[in-house]
Amino acid sequence: MMDYPFFHVSHYIDGQFVDGGSRFDILYPATNQVIGSAPEAGADEVDAAVAAASRAFRQWSRMPAAERRLILKRFAQLIRDHEAELAAIETWDVGRPITENRSGYIPRIAANIEFFADFAVTHGSESYPMDNGYINYVLRQPVGVAALIAPWNIPLLQATWKMGPALAFGNTVVLKPAELTPIGTWRLAQLAHAAGVPAGVINVIHGFGPNSAGALLTRHPDVKLISFTGETTTGKIIMATAAPTLKRVSFELGGKGANIIFADADLDRAVAISLRSSFFNQGEFCLAGPRLLVQRPIYEAFLTRFQRATSQLQVGDPFDPQTRVGALISREHYERVTGFIDLARADGAHILTGGTDPVLPEPFAQGNFLQPTIITDVKPHDQVCQDEIFGPVVTVVPFDDEEEAIAIANGVSYGLSAVVQTRDVGRAVRMGSALEAGTIWINDFFVRDLRVPFGGMKQSGIGREGGHYSLEFYTEAKTICLSNQ
């Protein structure tokens, strides 16, 4: 019998860990057993968190960036010092294999804080001398209270991706994690508290979205900007909610990325990259490449290798170092994902491998597990090729030439990311220019540089974050015109 922890999660408001509202259960996705509980924030808790952030903003926004950097660096170091613990918490929260959390994941979380702490100190400003002797210069000043709404699939990474620039540039934050994964952000609050982040600068509240904490937070008149990562429909609702108070919004929404494999690609490398882009985090990843487009001359050869490699992925206990595919986040989400497989079958598609539950011992037999699934004999316009499934399910479609690959890849409503695999540099340049996606990887997947813009086109989001793009979102630009008199 497994030993289960029990996490009594709290809100973190104005430097205090407090309970408030009714509590809801936290389930471990691999077994669906209760491993903790969290409080549901209501209007009182949301108002208290925003008020605390508003008060703290007066001091934090005026603090020299170099002083903020010292505090944020301590926070980042504590994240590094607790790497093993945070890796385990992310597995309890999400059901992701512990091996993935131990492979550089936690250092990336710390880097989100460190990078922007340094960037806020080292970035320059702008000046524009005029012919008549006047000089215009630009000041960048923090906006105010930022509502940060993180998703359940990579909660620690997304929380710090938003917190890092918001805090470094002098804003204060109210962070709401997804109700399915509250443990990690609660632990981040504890580490921030230990690092000496002043009371009210970081606030964490828990709860649900519609008619709950999320809606209350996004419509609050004292919240000045919203950074949200999640499902496209929810993004549209938040945008409408934020409109009456003209809040700034930055949205990273759904994705349906294409992984385009040309005949000249290194097949072994193509398979390895495709396994990661298809099944990392059980495919619950907005940047995933669940649409494999394979050039016809290598279609059969690639498919044979990819099927063999996929069928060898170990599914099961996320804490087993050999596990490569963990559990889906919830039973409801499992049923949604398997519903797409059923739909594909009904439409005449072929389930090449997977599509069924793995046979696992107790207590994992009660978990939300699904074998990695490859679907063939589909058309690009089929629903399974158009809608975001967000699970370990991929479709494989052949194509003949660049023009056809581009048409298929761009023929969805999303535009977050894509992968192109080819040894032809000219083709790589052409594809990168033609594809409608915010990030395009050539011969790799999920390589991230915090200096570059990140975001989506079309239904995949609004705005960009990263480097000076985050500076633009999390600050107000003020022009000072200096007279020569």
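I took two strands as paired if DSSP finds at least two bridges between them, and I took helices (H or I, at least four residues) and strands (E, at least two) as DSSP runs, numbered from the N terminus. The model is predicted, so I noted that local features need pLDDT of at least 70 and side-chain atom pairs count only at pLDDT 80 or more, while totals for chains, interfaces and linings use all residues. Residues are numbered from 1 along each chain as its sequence is written, and side-chain values use heavy atoms, with hydrogens and water left out.

**Entry 1: the three-stranded sheet**

I looked up His8 and found that His8 stands opposite Ser37 in β5. Strand β5 (residues 33–39) pairs with β1 in the parallel sense over two bridges, and the open sheet of three strands to which they belong has the order β1-β5-β4, with mixed pairing. I noted β1 (7–8) and β4 (23–28) at the edges, where each has a single partner strand, so one side of each is left without a neighbour in the sheet. Helix α3 (residues 83–94) lies across β1, β4 and β5 and runs at about 105 degrees to β4; such angles run from 0 to 180 degrees between N-to-C directions, with axes as lines fitted to C-alpha atoms, for helices over the stretch in contact.

**Entry 2: the seven-stranded sheet**

I then followed the open sheet of seven strands, whose order is β15-β16-β17-β14-β13-β19-β20, with mixed pairing. Its edge strands, β15 (350–353) and β20 (439–442), each pair on one side only, and the twist averages 25 degrees from one strand to the next. Strand β13 (residues 258–261) pairs with strand β19 (residues 417–421) in the parallel sense over four bridges, and I found Asn259 opposite Val419 in β19. Helix α10 (residues 267–279) lies across β13, β14 (291–295), β16 (373–376), β17 (393–399) and β19, at about 170 degrees to β19. Helix α11 (residues 299–311) also packs on the sheet, where it touches β13, β14, β15, β16 and β17, and its direction makes about 155 degrees with that of β16.

**Entry 3: domains and cores**

I recorded domain 1 (5–252 + 459–481) and domain 2 (256–440), with bounds that come from an automatic or database domain assignment. Their centres, taken over C-alpha atoms, are 31 Å apart, and the contact (heavy atoms within 4.5 Å) takes 27 residues from domain 1 and 32 residues from domain 2.

For a nonpolar core I used a set of buried Ala, Val, Leu, Ile, Met, Phe, Trp, Tyr and Cys residues joined through side-chain atoms within 4.5 Å; buried means under 20% relative accessible area, exposed over 50%, and partly exposed in between (1.4 Å probe, protein chains only). The largest core has 68 residues, and those with the most contacts inside it are Phe75, Ile79, Met163 and Ile202. Helix α5 (residues 105–122) gives the largest share of this core, nine residues, and the core draws at least three residues from each of domain 1 and domain 2. Leaving aside neighbours within four places in sequence, I found Met163 in contact with Phe75, Ile113, Leu148, Ala168, Leu175 and Ile202.

**Entry 4: Pro142**

I placed Pro142 in strand β7 (residues 135–142); at 17% relative accessibility, Pro142 counts as buried. Not counting residues up to four places away in sequence, Pro142 touches Phe57, Ser61, Phe169, Gly170, Asn171, Tyr474 and Thr475.
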